[in-house]
Each structure stands twice: as structure tokens, then as C-alpha cells.
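Dear colleague,

Please find below the structure that I am handing over to you, together with its sequence. My notes on what was found in it follow directly after.

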Amino acid sequence: MHAEIHGHRGARGLRPENTLPGLAHALELGVDAIEFDVALTADRRLVLTHDLTVSAVTSADRYAAFPGDPMFPYVGRPVGALTLAQLRTLDCGVRLPRTPDDRFAATQVPVPDTRMPTLGSVLALVNVYGADGVRLHVELKSDPTRPDLSADPRELTELVLSELDLHGRLGGAAILSFDWRILGAARSLAPATPRYALVERATMDPAWFGGLDVDDFDGDLPAVALAAGGTVLSPDHVLVDEELAAGAARAGLPLVVWTVNDPARAARMLDLGAAGVVTDYPDRMRALWAERGLPLAAPLSPMRAPVG
């Protein structure tokens, strides 16, 4: 069998998430895909961030973008209300756990003075590593229940696809979202690009499913994902059992599960036929893959010095 390892937010368990050092570390370990999150700034720039408000865990204020900036401090502000210049003042390289038992703080190596990257800078990084064989899994952050924080889903999709195309990376990318309106937009704008239907218990609702109701599909979640425009079903691993795996197979949708950090759990997902495992610890998954004799992505090194 063939199954893939996807680095979650780069390699969140090992390096700061959604940063160039984190993505580089995943490439250097060897992954089939790097996954990261993208949102839109006030000046229509695409930046990497998981949260639609600036997170106090992954971001720290350092200074104002200009003297007397009324938006400063920026932590806690909506990303969409801040410009790239404001967001680039944040230090995104040191995890600041809200609780003493933050599991990532214990394993994540800090990289102080790391800035919030743009999508364009990620695509430049991929070129530096010559990572043509590594897919770029771009999760578009959109919350249909919070339109005040979210960009228009079609505009966001158009901008992401345009940026990927501009850099010649559209053919090696996939679009991911919990907001399945984005899957529909991507289906019409770039039908050949894979579309991952992300789902967890909290989003099993017509608001997140692009208006579709799972009850109208006799509870068949993979069928809903297919109707919404998904080409891959990507559920939280706690949702995955024999029934869901069988339903995905009937719908013709590969099953890619997230976020799996325990090798024993990953082994169970492989036994159920998962085509890919999204993980914060690609190193752990590589050890499991090696034990099972599964093909492993090659570790990469920079082909030239990064620019800028």
C-alpha cells in the first residue's frame, strides 16, 4: 500500500507553526506534503495563520508598525483588520502556552524573531529546497459562522489560486477548508486541483457544508463532501471508523486523517485504509512508515541560500 505523511502547519510539534522555519524543517525531515493555513489581511495580502484573530499562543507583540498606531497591541485583533506591515512586527517564533500542560511547548524548538510569512514567501522557500515533489496543502481559513472575521470565500479562493498559479505551483497544490463553500469555488475556478473536505464534529452543520444537510444524504458524510466539491475526505481522526472508511471508499474519496501524533493511532488509521496522515511530528510517522516498509519521502536540503 501507499500512504502519505503530511506535515501539519509545517511540523508544529517540532518548530513554530505556520512559519518558514517550521515548513523548512518538515521538508528537511521528508514529507509528502506540507500543510499550512492562509488568511487575508486588511490590505489583501495572503499570510500564514491558523487563527482569524492574532493568537496569543503563537504570536507576541514586539513594537508598533508606526508611532501612535491605535491598533497596537495587535495580539487579539482580527487578522483581517490588520495590514501586512502590522502583522510583520509580531514574533511568531516562540510558543507562549496558555496552560502549563501545552504539549507542543515541551517539544517545539523556538526560533525567536520569526515573522508571519506570506504565501508568496512560502512558494519561494519551496523553490529554494527544490521541493517540486512535495505538494502544498493550503488550508483557507474561513468561518461561515463569523463573517465579520472571514474574507469572502470566493475572493479568498481566487487570490490563493492566482498566487499559486503565478509561481507555477498550482499543479502541485491542494486546496483545503472546513468551509465547504470554498471547495465549490475551487471546483469552478481550478477543477483539476485537489480539494480536501475538512471536517470535525463542531463543523458537521449545513453552515459549514455549503448549505448541504447530511440528513438529506441519509447521514452519508462522504456523499455530502463529494456533492460539495471535495475530491478527498479529510476528517478529524476521532471520527474515523470502519463505517466512515467504507463510505469514503464507496464515494471514491481518498481518506486523509488529521491530526495524528501517536504512532499506534496512525497504525490504526493505516489499517482502515487511510491514504494519508496529517501529523505535528513527521519524525514519529517516518519511524512507523519504516517499520511497516512503506515508501518514505526523501529528506530535502536547500539548493541555494534563501533570498531576503
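**Strand 2 and its partners**

Strand 2 and strand 4 (residues 135-140) pair in the parallel sense over 6 bridges, where pairing requires at least two DSSP bridges between the two strands. Helices (H or I, at least four residues) and strands (E, at least two) are DSSP runs, numbered from the N terminus. Within this pair, I34 stands opposite L136 of strand 4.

This is a predicted model, in which local features need pLDDT of at least 70 and side-chain atom pairs count only at pLDDT 80 or more, while totals for chains, interfaces and linings use all residues. Residues are numbered from 1 along each chain as its sequence is written, and side-chain values use heavy atoms, with hydrogens and water left out.

Strand 2 (residues 33-40) has two further partners to report. Strand 1 (residues 4-7) runs parallel to strand 2 and is joined to it by 2 bridges; here I34 is the bridge partner of G7. Strand 3 (residues 46-48) runs antiparallel to strand 2, with 3 bridges between them, and A39 stands opposite V47. The hairpin of strands 2 and 3 has 5 residues between the strands, and in it R44 takes a positive phi near 60°.

How many residues of strand 2 are buried? The count is 8 of its 8 residues, with buried meaning under 20% relative accessible area, exposed over 50%, and partly exposed in between (1.4 Å probe, protein chains only). In a regular strand, side chains alternate between the two faces of the sheet. In strand 2, A33, E35, D37 and A39 are buried on one side, and I34, F36, V38 and L40 are buried on the other.

Strand 1 is likewise covered on both faces: E4 and H6 are buried on one side, I5 and G7 on the other. Strand 1 also runs parallel to strand 9 (residues 276-279), to which 4 bridges join it; the bridge partner of E4 in strand 9 is G276.

**Nonpolar cores**

A nonpolar core is a set of buried Ala, Val, Leu, Ile, Met, Phe, Trp, Tyr and Cys residues joined through side-chain atoms within 4.5 Å. The largest one has 80 residues, and those with the most contacts inside it are I34, F36, V160, W180 and W289. Helix 3 (residues 119-128) gives the most to this core, with 6 residues. A second, separate core has 13 residues, among them A39, V47, V54 and V79.

Contact is taken as heavy atoms within 4.5 Å. Leaving aside neighbours within four places in sequence, F36 is in contact with R9, N18, L23, L48, L119, V122, L136, H137, V138 and E139.

**L149 in its loop**

L149 is found in the loop between strand 4 and helix 4 (153-166). It counts as buried because its relative accessibility is 17%. Residues up to four places away in sequence not counted, L149 touches L52, T53 and P78. The C-alpha atoms of L149 and A39 are separated by 9.9 Å, although the two residues are 110 residues apart along the chain.

**Helix 7**

On which side do the buried residues of helix 7 lie? Helix 7 (residues 242-251) has L244, A245, G247 and A248 as its buried residues. They lie on the same side of helix 7 because they cover an arc of only 160° around the axis, the arc being that of the directions from the helix axis to the C-beta atoms. These buried residues pack against helix 6 (221-228) and strand 7 (232-235). The face turned away from the buried side carries the exposed residues E243, A249 and R250.

At the N-terminal end, D241 caps helix 7, with a side-chain oxygen 3.2 Å from the backbone nitrogen of E243. Helix 7 is followed by G252, whose phi is positive, near 75°.

**The protein as a whole**

There are 9 helices and 9 strands in the protein. Buried residues make up 53% of its 308 residues. Of the contacts with a separation of 6 or more, 64% are between residues 24 or more positions apart. The C-alpha atoms fill a box of roughly 60 × 45 × 40 Å, taken along the principal axes. The radius of gyration is 19 Å, which agrees with the value near 19 Å for a compact globule of 308 residues; it is taken over C-alpha atoms, and the globule rule is 2.2 Å times the number of residues to the power 0.38.

With kind regards

Methods. Polar contact = N/O pair within 3.5 Å; in protein donor to acceptor, adjacent residues only side chain to side chain.
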